[in-house]
Amino acid sequence: MRLVLQLVARLLLIVALCLGAATVWATIDAYRSVDRATAASAQRVAQALQALYWRELLLRSSRAREHLLPVPDWRTLETMKLISPGVCVEFQPTAAFEKPLCGQSEGLGKTPPRWFASIVPTFLGSHAEAVRPVSPRAAAAGTVVATPDGAAAIALAWEYILNVIDVALLMAAAIALLASLAIAHTLAPARAIVTALQRMARGQYRTKLPRFRSMELAMIGNAVDALGGRLEEATEQRAALTRRLLEIRDDERRALARELHDEFGQNLSAILAFANTIETASAKDRDSGIAQDARMISQATHHLMASLRDALKRLRHPLPEELGLEASLVNLVDSWRSQSAARPTIQLDLRGDLTHISGPAATTAYRVAQECLTNALRHGSAREISLRIERRAGDDDALLIRIEDDGGGDAERVAQSAGFGLTGIRERVAAAGGSLSILPANRGLSVAATIPLAA
């Protein structure tokens, strides 16, 4: 899962938890606000009755104090304004047939669902009535008792919660959207870092990253740049070491070629001369058995000398150093064609200017073509082989070599092979700073190599 999606999902979870906590807080606050409204209603009505009590006391001083209240004057519209919705107020001691004076309780919001009406009182308890004395200095003045209406309280709490939740949902959606955009914008440079790492995986180690504002991303970018520099240095050192090893191996091959030519060649020539002498002498003595043995020795010697010449061709300096790349490739293909008429058809396709290509690049290209042709001819059952050498001009000056055959074969198995020939061309191509790939073709294998000419 992408990091941006993970962060957004965690952000949404946090927003949902905060929204749930806000809902619980709003429920408790709305439910308890009824208690505060009840106490406030009782206090306001008590203060109004206190003023009415002292006025009656002054105007009708001849009356007994216990008969001063209640009087019809306190049950007025002004008193109704002092009572909060859903709260009923009564004066004690109550007069006969007197009913509580209640605030407006109709239309106090939407009807709450049953689960809300049953759950909230269960967890938060019932509302308590509020009792306030009319006059703290005159106990005979009576008291005011305010009682909340349970159904009205639940409706008010539900209406308050709906209002709060609407605002909370809007804020939560806005926070989630803006925070998601901010997270996506902050993590956008990660794509540049991944692209740089992918280029490094393809061999482009010097990949300069832009400067990041975030300190953490800047540290990652600096680490990637440093890693690319170290990888390039290690690659250059490995390529230099590989080139040196190839030079040493070529020196050993030349030394071995000289030894084979001087020792084996001379000895085989001597054996051939002795066999011819024995065959001539046996023919004069009419000894057919010895003459036949001598001819067999001569034939075996000729075969060994042909094999030795073939080995010397492979061990000595490649022809590109003498004839150039184009002429050496033509000579290589012609030599394979002339060995036997039963050989598969070899098509040579040369594209671009190959005249002035020399040095390690030409030697590497020749060795790749030589090894791939040898493998296709000796280890496969191909009937047609295609060898294409193309020079790609421009800023990316390189040689493209592709050898395809129709002899079947498992590309994956061949690519994982640790044979000396394939390992050798891998080392040569890597030392030249190029790349080698082995892929399946239509009916066989395709070996492709890219050799930079600037290497």
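Buried means under 20% relative accessible area, and exposed means over 50%. I wrote this down before opening the structure, which is a predicted model.

**Entry 1: helix H5**

I began with helix H5, which covers residues 189-201 and has 13 residues. From its first C-alpha to its last I noted 19 Å, close to the 18 Å expected at 1.5 Å a residue. Which residues of H5 are buried? I listed Pro 189, Ile 193, Ala 196 and Met 200. Looking down the axis of H5, I found these buried residues within an arc of 60°, so they line one face of the helix. An α-helix has 3.6 residues a turn, so residues three or four places apart point the same way. On the other side of H5, I noted Arg 191 and Ala 201 as exposed.

**Entry 2: the whole chain**

I then looked up totals. The protein chain has 455 residues, and 33% of them are buried. I counted 12 helices and nine strands in the chain. For the accessible surface I noted about 27800 Å², with 58% of it belonging to carbon and sulfur atoms. I also looked at contacts between residues at least 6 apart in sequence: 66% of these join residues at least 24 apart.

**Entry 3: strands**

Strands of a sheet pair through backbone hydrogen bonds, either parallel or antiparallel. I looked up which kind occurs where.

In what order do the four strands of the open sheet lie? The order is E2-E1-E4-E3, and the pairing is antiparallel. At the edges I found strand E2 (101-102) and strand E3 (130-133), each of which pairs on one side only. Strand E1 takes in residues 87-92 and pairs with E2 over two bridges, in the antiparallel sense. I looked up one partner here: Val 89 is bridged to Leu 101 in E2.

Further along, strand E5 (residues 345-351) and strand E6 (residues 384-392) run parallel and are joined by seven bridges. Here Gln 347 stands opposite Ser 386 of E6. E6 also pairs with strand E7 (residues 398-405), in the antiparallel sense, over eight bridges. For Arg 392 I found Ala 398 in E7 as the bridge partner.

**Entry 4: nonpolar cores**

The largest nonpolar core has 36 residues. Those with the most contacts inside this core are Leu 325, Val 368, Leu 373, Leu 387, Leu 399 and Ile 401. Which elements give two or more residues to this core? I listed helix H9 (325-339), helix H10 (359-379), E6, E7, helix H12 (420-431) and strand E9 (445-452). H10 supplies the largest share, 10 residues. Apart from this core lies another, of 18 residues, among them Ala 42, Val 45, Phe 91 and Ala 138.

I went back to Ile 401 for its neighbours. Not counting residues up to four places away in sequence, Ile 401 touches residues including Ala 365, Val 368, Leu 387, Ile 389, Val 447 and Ile 451. Arg 388 is also one of the residues it touches.

**Entry 5: Thr 364**

My last stop was Thr 364, placed in helix H10. Is Thr 364 buried or exposed? Thr 364 has a relative accessible area of 5%, and the limit for buried is under 20%, so Thr 364 is buried. Leaving aside neighbours within four places in sequence, I found Thr 364 in contact with Arg 428, Val 429, Ala 432 and Ile 451.

Definitions and conventions
Residues numbered from 1 in each chain as written. Predicted model: local features only at pLDDT ≥ 70, side-chain atom pairs only at ≥ 80, totals over all residues. Heavy atoms only, no water. Pairing = 2+ DSSP bridges. Buried < 20%, exposed > 50% of the residue type's maximum accessible area, 1.4 Å probe, protein only. Contact = heavy atoms within 4.5 Å. Areas by Shrake-Rupley, 256 points an atom, 1.4 Å probe, with all protein chains shown as cover. Core = buried A, V, L, I, M, F, W, Y, C linked by side-chain atoms within 4.5 Å. Expected span 1.5 Å × (residues − 1). Arc of directions from axis to C-beta.
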